[in-house]
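Student: Let's go through this model term by term. I want each label checked against its cut-off.

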Amino acid sequence: MSSSGGGDTTGGAEGATGGAALAAILRGLHEEVRRQFPARERDITGERRVYLNNAGGTLVAERSARAMEEAALRANAQDGAVSSGERGTAEIHVRARRGAAAFLNAPSPEEISFHLSTSHALFNLSFAFRDLLARGDNLIVTQLDHAANVTPWESLWGEDRGLEVRECRVRRDGTLDLDHLAALLDRRTRLVAVTCASNGLGTVVPVEEVVRIARRHGEPEPPAGTGRSLPGRGPSGRGRPARGRAGAGWRGALVVVDAVHHACHGPLDVRAMGCDFLAFSGYKLFGPMVGVLWGRKRWLDALRPYRVQANENRTPVKYEQGTPNHAVLAGLSAAFDYLEALGGRVEAAAADRPELQATAARLAGIYPDRDRRRIKWAMSAVRDFEQTLSKALLLGFAALARRGVHLHGIADEARAAERDPTFLFEVRGRTQMEIKRRLWEEGRIEVPDGNYYSLAVYRHLRSRRTVRASFAHYDGLDTARHFLDTLDRIAVG
Ligand SMILES: Cc1ncc(COP(=O)(O)O)c(C=O)c1O
């Protein structure tokens, strides 16, 4: 990949692609891309706006919204294998799991489960470990994470089970302190919960590096006998796990990745990352509100999630409570379809560029599966294009420093590859609400307020003045320029 920083670590194992060339291809497709997002220019009231809260939720691709409408109108409530309506409804689930697996380069769609949200997915996951924990175990969370990947571990493993929760620090430049992580980790560390990128500061975490540290004491294997029901404990699927196994532990620490923020900014590849679980949300990936959880099959099989008794006791459905929302799953598949179609356009354009021939041959070799390959093309182009945006914005923020605008996190334009285009800043003498209001009044720019549930922001920065502006691949240098010019006016005025 063109990026040498954090972006690489989640990008897959295929090596370098042509960064500038891919960014140029995406730029060339921009009008087409923007047409897919009708809410980009006008909000729900018909008002013109510039939407810069993509970290709070991306815009929904038109085809995703249409697919939701179609499924809401026509899908059955229950899936099945006989009538065409039942089969069509079942197919919605199959497609969504397949699409998510291709998006993540996961070994199997059977490792994908759907939840109300990522927060819900991570609470479910955290709870599912309850048989396997023992006093003296510890786990590590990070200051860079969203609360969704901290609270489930702190409350279920920490408060309820009395395990020690250790917190990995963030360095002054907004990067995760990996030396501190290594120092915190010992033989009783069972799990590291880490974000792929901060939704507060935009920093991308080198997840492969985190996994390498987490594995210092071994590759975690589920303790023997887990996941099996005790014979004679009622109908199949009702059995409880064998006693005496609790606390058997495992060697090395598991790694749970929150990819919610990064999912729309660059390729994700669970095999390349080497993590054990990963979650992301559809509404931060041009689709609907839904949490997607991937996990290694042997661990998913071994764990015991909350499960309604009659529900099948098998991975992945044992992780899903209640009747799935078919419309939402259809919308999620259509969001993947949008990215695959975009990847197809990028791949076709790449065929005309000599500098991308080697990349094309390499990707074709690594990803014989067309859907996965197209996702890879799309997300690589998105990442490389967004880096050009980040560079322009970082230069702009540097110029605004003398006007009292202070950017938190990575600010050096040469390090654009280590961040997503999410910018946390403050303006001397102005409150968060003042900045938010004036961005809206003077530039029709929409940014959020609050703490974004980002630990870095609400627990550690403790500044009430920070404002977040976050961009996506449908934004361009025109958007960046408009934002910087408006901020310039606000800072002086
Ligand atoms: C980085 C990150 N993780 C997790 C979440 C929680 O996602 P959900 O709303 O699907 O629970 C968010 C939402 O803001 C997020 O930005």
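**Strands, core and shell**

Tutor: Strand S10 (residues 422–427) and S12 pair in the antiparallel sense, over four bridges. The model is predicted: local features need pLDDT of at least 70, side-chain atom pairs count only at pLDDT 80 or more, and totals for chains, interfaces and linings use all residues. Residues are numbered from 1 along each chain as its sequence is written.

Student: What makes S10 and S12 a pair?

Tutor: Pairing requires that DSSP finds at least two bridges between two strands. S10 and S12 have four bridges, so they pair. Strands here are DSSP runs (E, at least two residues), helices are runs of H or I with at least four residues, and both are numbered from the N terminus. Two of the bridge partners are Leu 424 with Arg 468 and Phe 423 with Ala 469.

Student: How do you know that S9 also pairs with S10?

Tutor: Four bridges link S9 and S10, in the antiparallel sense. The cut-off is two, so they count as paired. In that pairing, Val 405 stands opposite Val 427 of S10.

Student: In what order do the three strands of this open sheet lie?

Tutor: The order is S9-S10-S12, with antiparallel pairing. Strand S9 (405–408) and strand S12 (467–470) are the edge strands, each pairing on one side only. Neighbouring strands are turned by 35° against each other on average, direction ignored. Axes for such angles are lines fitted to C-alpha atoms, for helices over the stretch in contact, and angles run from 0 to 180 degrees between N-to-C directions.

Student: Why is S10 called mostly covered?

Tutor: Five of its six residues are buried. Buried means 20 or more other C-beta atoms within 10 Å of a residue's own; exposed means 12 or fewer, partly exposed lies in between, and C-beta atoms are placed from the backbone.

Student: Why is Asn 325 called buried?

Tutor: Asn 325 has 20 other C-beta atoms within 10 Å. The cut-off is 20 or more, so Asn 325 is buried. Asn 325 sits in the loop between helix H11 (297–302) and H12.

Student: Which faces of S6 are covered?

Tutor: Both. Leu 254, Val 256 and Asp 258 are buried on one side, Val 255 and Val 257 on the other. S6 spans residues 254–258. Five bridges join S6 to strand S5 (residues 189–195), and the two run parallel. Three bridges join S6 to strand S7 (residues 277–281), also parallel. Both counts reach two, so S6 pairs with S5 and S7.

Student: What makes a set of residues a nonpolar core?

Tutor: Its members are buried Ala, Val, Leu, Ile, Met, Phe, Trp, Tyr and Cys residues, joined through C-beta atoms within 7 Å. The largest one has 140 residues, and Val 210, Val 255 and Val 257 have the most contacts inside it. Helix H12 (residues 326–350) gives the largest share, twelve residues.

Student: How is the shell around the ligand divided?

Tutor: Three residues are nonpolar, nine polar and one charged. Ser 117, Ser 119, His 146, Asn 199 and Val 260 come nearest of the 13.

Terms used:
Near = placed C-beta within 6 Å. Nonpolar A, V, L, I, M, F, W, Y, C, P; charged D, E, K, R; others polar.
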